[in-house]
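The sequence and the model are shown first.

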Amino acid sequence: MCIRDRYMGIINVLLLSMNEAKIAEIKEAFSFFDKDGDGIVSTNNMGLLVRSLNQNPTNDEIENMIKDADPENTGKMDFPEFLRIMEKNMKDVDAEEELLDAFKIFDPGNKGFMDSAELRVIVTKMGEQFTEEEAEQMIREADPENTGRVSYDDFIQKLLTKFE
């Protein structure tokens, strides 16, 4: 497997982490509207629920989401239905923003960088695993001055320009 495929693997691992965080965010919003905890919310809350997730759908889009989530017109939807709707309808965020959000998962102090050792663990232990040599090459590119820290803004730019 070529190094390009390996880089795409790390991008996928980072995006998967982001997807897990996004699902947790969607679940939290859904739970807020599930007042009695039965796992069901009224489709009347669709607009508020979607907007609570920083989406700005039109009224027509909300109506279409409701029809899609509740084709039997019961006035109710459960979390799997809502998650399916959100995955289908959430406005796409550009790759740079998604990668930045994914890196922030590994930077709880929001310092703008991560330890190169942590990056090594991520690329050798998660998802499409790099060999030690591939990991070393990536870290040399990500931390060219050998500071032990990887600025994820710089690294994301390198990743994105590498595959344009």
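## Charges over rings

In this predicted model, Lys27 lies over the face of Phe79, at 4.7 Å from the ring centre. Arg149 is placed over the face of Phe113, at 3.9 Å from the ring centre. A charge sits over a ring if NZ of Lys or CZ of Arg is within 6 Å of the ring centre and within 35 degrees of the ring normal.

Local features need pLDDT of at least 70, side-chain atom pairs count only at pLDDT 80 or more, and totals for chains, interfaces and linings use all residues. Residues are numbered from 1 along each chain as its sequence is written, and side-chain values use heavy atoms, without hydrogens and water.

## Aromatic pairs

There are three aromatic pairs in the structure; rings of Phe, Tyr and Trp (its six-membered ring) pair if their centres lie within 6.5 Å, with planes under 30 degrees apart counted as stacked, over 60 as edge-to-face and the rest as tilted. The Phe30 and Phe82 ring centres are 5.9 Å apart and the planes are at 35 degrees, so this pair is tilted. Phe30 belongs to helix H1 (residues 3–33) and Phe82 to helix H4, 52 residues apart. Ring pairs join Phe30, Phe79 and Phe82 into a cluster.

How values were computed. Helix = DSSP H or I, 4+ residues; strand = E, 2+ residues; numbered from the N terminus.
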